[in-house]
Amino acid sequence: MGEWFRYFTGSLEVVCAVLLLIRRTSAIAAALLACAMAGAILTHLFILRDGYAAVLPGFPLAILIAVAWKQHSAPRAMKES
């Protein structure tokens with residue numbers, strides 16, 4: 001892909017990290033980060049053929065999904081306080 005794609009991916013991750021701190025944009029940022037991490041997993045598995053290295057982006061993705069799942073299933077009263 002080229003060196004530009006590495007810069008793009010790093011910039012996207014930094015921007016999404018900042019957007020996670022803002023309540024209104026956190027869902028969009030989490031979705032973008034999940035897509036970036038899923039892409040990293042697929043790249044490790046199918047292009048680099050290194051299944052063990054796919055664990056590195058897979059672990060934060062699992063944490064991100066768990067937190068999102070907990071936030072989504074939390075009662076409405078807990079979300080507002």
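In these legends, Ala, Val, Leu, Ile, Met, Phe, Trp, Tyr, Cys and Pro count as nonpolar, Asp, Glu, Lys and Arg as charged, and the others, Gly among them, as polar. The model is predicted: local features need pLDDT of at least 70 and side-chain atom pairs count only at pLDDT 80 or more, while totals for chains, interfaces and linings use all residues. Residues are numbered from 1 along each chain as its sequence is written, and side-chain values use heavy atoms, without hydrogens and water.

View 1. A pocket is an open set of points on a 1 Å grid over the protein atoms alone, where a 1.4 Å probe fits, with protein on both sides within 12 Å along at least five of seven lines; lining residues have an atom within 4 Å of a point. The largest pocket holds about 430 Å³ of space, a volume being the space filled by probe spheres set on the points, which are joined across faces, edges and corners. Twelve residues line the largest pocket, and Ser26, Ala27, Val67, Ala68 and Gln71 lie nearest its centre.

**View 2. Helices and residue classes at the largest pocket.** Two or more lining residues come from each of α2 (26–47) and α3 (55–73); helices are DSSP runs (H or I, at least four residues) numbered from the N terminus. The most, six residues, come from α3. The lining comprises seven nonpolar, three polar and two charged residues.

**View 3. The second largest pocket.** Its volume is about 340 Å³. Among its 14 lining residues, Phe5, Thr9, Gly39, Ala40 and Thr43 are closest to the centre. Here α1 (3–20) and α2 each give two or more residues, with the largest share, seven residues, from α2. Nine nonpolar, four polar and one charged residues make up this lining.
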